[in-house]
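Subject: Structure for you to look at

Hello,

Here is the structure that I promised to pass on to you.

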Amino acid sequence: MTSTFLVDMSTVTEARSLKPAPRGGSPAATGEHLLGAESVAITPDGTARLVAGLCNACGRRFLPPPKVCPGCAGSRIEAEEQPTSGRLYSYARVHVGRGDFHLPYSIGYVDLDNGLRVFANLRGERHDIGERVTFRLAEVGVNKLGGRLMAPTFGKD
Amino acid sequence: MRTVCVAGVGMTPFGKFPNVCTADIAWPAILSAIDDAGIDRRQIEVAYCGTVFGGMMTGQRTLAKLGLTGIPIINIENACSSSSTALHQAVLAVRSGAYDVGLVIGVEKLTKFGGGTLPLEMEDWEVRQGMVMPALYAMRAHRYMTDFGLTRNQLALVSVKNRANGAANPDAQIRSPVTVEDVLSSRPIADPLTLFQCCPTGDGAAALIVCTSRIARCLGRAAITVRASDLTSGRFTEGYRDMTSPEITVRGAQEAYEEAGIDPTDVDVAEVHDAFSIAELLYYEAFGFCGRGEAGQFLESGATRIDGKIAVNPSGGLLAKGHPIGATGAAQVVEIVRQLRRQCGERQVENATIGLTHATGGGITGFDHGACSIHIFSR
């Protein structure tokens, strides 16, 4: 199965040795489908990392990496690997939500140590505001054809 | 700039009308407003129609049914602030002298989607990954509970109050009161929010006739003056934002109070955006009705009851009256105008002289909310 790379690396300057994460075919396909792939890259040793776009002109960072900077409208945006842990700002445990996700599911905001706030699915069933959580990809649902839906997640495990 | 008045109001009862199309939901509210104003419908020079899911040219499809065409018709989408935005545009137009009489419509038919949470835009980063409106508010609730010690009981009391108010409102979608126990044991939607802490899915329409103060006086009824008409959008941010203080409403409130030349203690009655129980509590603070962190106690003290210091959501609010999203803004104005005219019977706020409406919405990444429109009225 061929992969579709979502991050347009041609606009990225000084890219570190990160490869964009494959999204995985069309949404209806079997296999794995990565939600939020625009913000995920694979390091040389094969682990997934969160990637934001750092604006070279104003220094603000945005996730997913934008083509133009919402801060200053600059277009020199660099892919920047993000810290893998942060503090849980708040969360919700969703009982009525996206139909192809495993219900109930948890979502929340994680404040990374560099000040970037990340929305993500949360692993686990119990959450405490202020707790430290770490990043990895995990399954959040299954599509109609049995394909796994993967997403960036944070959790304590 | 000229003074603008609301001369006529009308609304349909909110509810579920799966077999009635959007345009057919809307036109009765318009006829009701025209009749209420006592104008000839041919005096309407411009129409602003607020709707989110009504589809292409909802204003024209609706007004064709009444033969009210050939005038400028503007269709407006601003999520839950759609018809408040429509009113804002009508007010600006009449103030400027471009028109003397305008029609504002708000209509929505959410039953076209069946049930479930409001369909959000899948292009949006967070929506794709599972965000839904109840979850956004649940996060606000969890954070507020952690920061200020708010209890689940206090959250439930918002629904208890508004359901009691709705029981006295013939236009409300839900007219049965509930207890704290009923609220807490209703179906979980997004913890800590249960079904009765979420506004229901429904359909409905509301309409307003807006005109110059001179025309309103000629029509011979108590003119309700627009003292402030404010519209703003949330500030997009990628970093920290305090989810217990809705910055868009705080800013909008300050702008509106300044325009009207009043402060929070002058407001007698307010229809605020209680899409979820926690929302009303946050808005007590955002409007300065009470201090930061005090919303739970303020509610418990009875201060926001119909007979309290500042009556909040005497109509039953979104929780009981319902929230057909495009119609809500205009429907809040219907309630406040009726309150200021002293027409509300059992749910009348005594001596209501200054009233406020507030609609805010749009669940999109990086925003507190996408839009917020606040109006202040006086008798």
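**The largest cavity**

The lining of the largest cavity is made up of six nonpolar, two polar and three charged residues, where Ala, Val, Leu, Ile, Met, Phe, Trp, Tyr, Cys and Pro count as nonpolar, Asp, Glu, Lys and Arg as charged, and the others, Gly among them, as polar. This is a predicted model, in which local features need pLDDT of at least 70 and side-chain atom pairs count only at pLDDT 80 or more, while totals for chains, interfaces and linings use all residues. Residues are numbered from 1 along each chain as its sequence is written, chains are lettered from A and ligands numbered from 1 in the order in which they are written, and side-chain values use heavy atoms, with hydrogens and water left out.

Among the residues that line the largest cavity are A:Tyr109, B:Asp124 and B:Arg241; a cavity is a set of points, on a 1 Å grid over the protein atoms alone, where a 1.4 Å probe fits but cannot get out, and lining residues have an atom within 4 Å of a point.

**Salt bridges**

Over all chains there are 26 salt bridges, each being a side-chain nitrogen of Lys or Arg within 4 Å of a carboxyl oxygen of Asp or Glu. One of them joins B:Glu280 to B:Lys161, at 2.9 Å from N to O, and both residues are buried, that is, under 20% relative accessible area with a 1.4 Å probe and protein chains only.

Best wishes

Conventions. 1 Å grid on protein atoms, 1.4 Å probe; cavity = no way out; pocket = protein on both sides within 12 Å on 5 of 7 lines; lining within 4 Å. Buried < 20%, exposed > 50% of the residue type's maximum accessible area, 1.4 Å probe, protein only.
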